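Dear colleague,

I am passing on the structure below for you to look over. My notes on what was found in it follow directly after.

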Amino acid sequence: MQHVWRRTTPLTRTVCAVVLVALVAAGIWWFGIRDASAAATDPVTRTVAASLTTMQKSVGGSGTLTPSVQQDVSFAVSGTVTAVPVAVGQTVTAGQTLATVDTLQLTADLLQAKANLADARATLADASGTAQVAAAQAQVDVAQSGVDTAQAAMDDATLTAPVAGLLTAVNLEVGDAVGGGDGPTADAEAPFTIVGTDAWEVVVTVSDADVALIEVGDQAEVTLDEATEPVFGTVSEIGLLSTGDTGVAAYPVTVAITGDQDGLHDGVAAEVELVYERRTDVLTVPSLAVTTAEDGTTTVQQTGEDGELVDVPVTTGETSGNVTEIVDGLAEGDEVVLAVFTPGTGGSGRQVPELPGGGMVFEGGPGGGPQLRQGGPADG
């Protein structure tokens, strides 16, 4: 083959090269450019059906997850500790014994109070005059109060858990002296701290302008740091005193967690949405399908029977996220055009963001090139 090629004249070689280049160019045009041009002349549309959804309004805030129950427990009587049958990290139930103190003095006080009551009753029985009876009855009442107080002190010699939870602090040992709620020493921590593990809350700060929108019982969505799914709660308390320290009034709002509380931990950062209005079965379409003209007319596009695009007037309501409420002009299931690409004669176009679910919105732009078509209600 090489021998034959060398025997050809230069003119013959040139002609062959030109023919070969022409054939390659024709192939490229036929299989590549022609097909792409043909595809570009076909308009591409994407449609989406109007559907019912839930729209809501909310106020946002941030806070820290804390247990709803976190209580310090101390003795209400004085004495020497005789028993501490619990330890740090132990889960206790309401009414369970935490510690006891000696009752020697308490027993003596109770016996004396009962003796005083007996004497007062005897005096009352011997009273004859109206004044004597009144005075004796008053002494009986005072003595009875003394018995009640001494009996309560005797009962308080056994310190019990007022709530169920986890013991996070036990600051007592047998032999320590306690003095009516002061602990072993006057400045010591509370003898016991109980933290609940089955009830949690988040406190967020809400501005003066927004707090009027919130009511006790409103639902809340709580997103915890590093959690993949939100937990839910309700507004349990709205503070009446401002906590703002920057000159702007703000109020604490407490959210009680009501959903699944397994795996929650104290101190986790939380983002909270306080939902003050929720509407269900609201007819909506993607906001990108809605266009508002300069004269205020709002329309969507639908595909006509012969394939042409038709502008349909609609009345819009509120916008939430990437959807717009349709008050009038469409029914559930009606399809609207979400994306249209019309090829032009010039310009290379530009990259635009994708719509929800994929696709991009184009229309013929200046010079025939594509441009982004993005419309919505005038207030949205």
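At 76% relative accessibility, Glu226 counts as exposed (over 50% relative accessible area, with a 1.4 Å probe and protein chains only; buried means under 20%, and partly exposed lies in between). This is a predicted model, in which local features need pLDDT of at least 70 and side-chain atom pairs count only at pLDDT 80 or more, while totals for chains, interfaces and linings use all residues. Residues are numbered from 1 along each chain as its sequence is written, and side-chain values use heavy atoms, with hydrogens and water left out.

Glu226 is found in the loop between β12 (219–224) and β13 (231–238), strands being DSSP runs of E of at least two residues and helices runs of H or I of at least four, numbered from the N terminus. Although not a glycine, Glu226 has a positive phi of about 70°. Asp281, also not a glycine, has a positive phi of about 55°; Asp281 lies in strand β15 (residues 269–286) and is exposed, with a relative accessible area of 58%.

Thr193, in strand β10 (residues 192–195), counts as buried at 12% relative accessibility. Beyond its neighbours within four places in sequence, Thr193 is in contact (heavy atoms within 4.5 Å) with residues including Gln71, Asp72 and Leu167.

Best regards
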